[in-house]
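Visitor: Could you walk me through a structure I have not seen before?
Guide: Gladly, and here it is.
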Amino acid sequence: MAVAVDFREFLPDDARRDLIRRVEHAPIEHAEAILSAYELLQQLHNKGMLDLLTGVLSAGETVVNHVVGVISSKEMVNMLRMGLIFSNLLSSIDPDKLSSVIAQASKEPPSLLAIGKQATSKEARRAMAVAMGLLNIFGAALEKPQAAKHG
């Protein structure tokens, strides 16, 4: 028949004495890590990063409020949205096809008739429609500041 073993938690007689012993032995046990930490600290000091971090920490809430204000601005939100849209577009482009098109550019230029034939393809017309749409959007955006200056 099995006998239950009492669960004991090891607590030293004097926890403070044990802590002092661990602190005294730490430089011996972790000498290489401590030296690396000192080197890193010196490099941070040489580059002025410690002063920068001290300033950021002392400014604390002011820095956080400024960063939050910048990130939540309408311009930043729009930029992030456009970045996601363009990253999705770029991920759908076949790099091999792009490479072959660029390689063709260094050869003999195609005739105007050949360019016209390419322009009538469904893909080229779709791209031209997007380009025209973008030109309309940019034109409208350029007109807004002008109207605000004169109004």
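Visitor: What should I know before we start?
Guide: This is a predicted model, in which local features need pLDDT of at least 70 and side-chain atom pairs count only at pLDDT 80 or more, while totals for chains, interfaces and linings use all residues. Residues are numbered from 1 along each chain as its sequence is written, and side-chain values use heavy atoms, with hydrogens and water left out.

Visitor: What is the mean pLDDT of the chain?

Guide: The mean pLDDT (the predictor's confidence in each residue, from 0 to 100) is 87 for the chain, and 91% of its residues reach 70 or more.

Visitor: Where is confidence lowest, and where is it highest?
Guide: Confidence is lowest in α1, at a mean of 85, and highest in helix α2, residues 31–46, at 93. Helices here are DSSP runs (H or I, at least four residues), as strands are (E, at least two), numbered from the N terminus.

Visitor: How many salt bridges are there?
Guide: The count comes to 1 salt bridge, meaning a side-chain nitrogen of Lys or Arg within 4 Å of a carboxyl oxygen of Asp or Glu. Arg 21 and Asp 18 form it, at 2.9 Å from N to O.

Visitor: Where do Arg 21 and Asp 18 lie?
Guide: Both lie in helix α1 (residues 15–29), where Arg 21 and Asp 18 are 3 residues apart, about one turn of the helix. Arg 21 counts as partly exposed at 40% relative accessibility, and Asp 18 counts as partly exposed at 25%; the terms are buried under 20% relative accessible area, exposed over 50% and partly exposed in between, with a 1.4 Å probe and protein chains only.

Visitor: New topic: what volume does the largest pocket have?
Guide: Its volume is about 410 Å³, the space filled by probe spheres set on grid points that are joined across faces, edges and corners. A pocket is an open set of points on a 1 Å grid over the protein atoms alone, where a 1.4 Å probe fits, with protein on both sides within 12 Å along at least five of seven lines, and lining residues have an atom within 4 Å of a point.

Visitor: Which residues line the largest pocket?
Guide: Among them are Lys 74, Met 82, Phe 86, Phe 138 and Lys 144. The elements giving two or more residues to this lining are α5 (74–91) and α8 (122–150).

Visitor: And what about Met 76, where does that lie?
Guide: Met 76 lies in helix α5 and is partly exposed, with a relative accessible area of 24%. Leaving aside neighbours within four places in sequence, Met 76 is in contact (heavy atoms within 4.5 Å) with Val 70 and Ile 71.

Visitor: Is His 66 buried or exposed?
Guide: His 66, in helix α4 (residues 61–71), is exposed, with a relative accessible area of 56%.
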